[in-house]
Amino acid sequence: MTSAGQPAQPDQNFDYMFKLLIIGNSSVGKTSFLFRYCDDSFASAFVSTVGIDFKVKTVYRGDKRVKLQIWDTAGQERYRTITTAYYRGAMGFILMYDITNEESFNSVQDWCTQIKTYSWENAQVVLVGNKCDMDAERVVSVERGRQLADQLGWLQILVSN
């Protein structure tokens, strides 16, 4: 509410708005990625996301103001029915795996199936190998990540929190 007792108006000052979802197994770094990107902050303590959360970030592309609504999903199986409901209407997905965790990489195919099942066919997907700052513990090579991204027809990015 505003001081005049009127409902606060949502920010309508943008040219485009995109809904993006960050998905992947639990503890691959989805929340850390989101906080680093949106707030430029990082906490090394692990806190599991319960259900789903989101942040908004405005970026500029040329003279256009683009509002990104980025949803951080819980990776645990028990939240899957909740999180897949958010796939509808998503224009893009950041599918994340942990380069130090083989299981998270092996699960990419399952996440791909969920995207195909619950989202629209033109949704864009970026495959992200996270935790590159832990290269000494790497179990998934850069080449394997690139091969999978190529096989799926996606862009692959390697990042660290």
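# Briefing on the predicted protein chain

Among contacts (heavy atoms within 4.5 Å) between residues at least 6 apart in sequence, 72% join residues at least 24 apart in the protein chain. The model is a predicted one, in which local features need pLDDT of at least 70 and side-chain atom pairs count only at pLDDT 80 or more, while totals for chains, interfaces and linings use all residues. Residues are numbered from 1 along each chain as its sequence is written, and side-chain values use heavy atoms, with hydrogens and water left out.

**Overall architecture**

- The protein chain contains five helices and six strands, these being DSSP runs numbered from the N terminus (helices: H or I, at least four residues; strands: E, at least two).
- Their order along the sequence is β-α-β-β-α-β-α-α-β-α-β.
- Of the 161 residues, 42% count as buried; buried means under 20% relative accessible area, exposed over 50%, and partly exposed in between (1.4 Å probe, protein chains only).

**Nonpolar cores**

- A nonpolar core is a set of buried Ala, Val, Leu, Ile, Met, Phe, Trp, Tyr and Cys residues joined through side-chain atoms within 4.5 Å.
- The largest such core has 22 residues, and those with the most contacts inside it are Ile-23, Phe-93, Leu-95, Val-108, Leu-127 and Trp-154.
- Two or more residues of this core are given by each of strand S1 (16–23), strand S4 (92–98), H4, strand S5 (124–130) and H5.
- H4 provides the largest share of this core, four residues.
- Beyond its neighbours within four places in sequence, Leu-95 is in contact with residues including Ile-23, Val-108, Trp-111, Leu-127 and Trp-154.
- Another core, of 12 residues, lies apart from the largest one and has Leu-20, Val-28, Phe-33 and Met-96 among its members.

**Packing of H4 and H5**

- Helix H4 (residues 108–118) packs with helix H5 (residues 142–152) at an angle of about 25°, and their axes are 12 Å apart.
- H4 is therefore roughly parallel to H5, a term for angles under 35 degrees.
- At this contact, Val-108, Gln-109 and Cys-112 of H4 meet Leu-148, Gln-151 and Leu-152 of H5.
- By class, the contact of H4 with H5 has four nonpolar, two polar and no charged residues; Ala, Val, Leu, Ile, Met, Phe, Trp, Tyr, Cys and Pro count as nonpolar, Asp, Glu, Lys and Arg as charged, and the others, Gly among them, as polar.

**Helix H1**

- In helix H1 (residues 30–39), the buried residues are Lys-30, Ser-32, Phe-33, Leu-34 and Cys-38.

**Individual residues**

- Gln-69 belongs to strand S3 (residues 64–73) and is buried, with a relative accessible area of 19%.
- Not counting residues up to four places away in sequence, Gln-69 touches Phe-18, Lys-19, Leu-20, Phe-54 and Lys-55.
- Val-140, in the loop between S5 and H5, counts as buried at 0% relative accessibility.
- The C-alpha atoms of Val-140 and Ile-99 are separated by 5.1 Å, although the two residues are 41 residues apart along the chain.
- Leaving aside neighbours within four places in sequence, Val-140 is in contact with Tyr-97, Asp-98, Ile-99, Asn-101, Glu-102 and Phe-105.
- Leu-155 is found in strand S6 (residues 155–158) and is exposed, with a relative accessible area of 52%.
- Leaving aside neighbours within four places in sequence, Leu-155 is in contact with Val-125, Val-126, Leu-127 and Ala-149.

Note on methods. Axes fitted to C-alpha atoms, helices over the stretch in contact; angles between N-to-C directions. Parallel < 35°, antiparallel > 145°, perpendicular 65-115°, else oblique.
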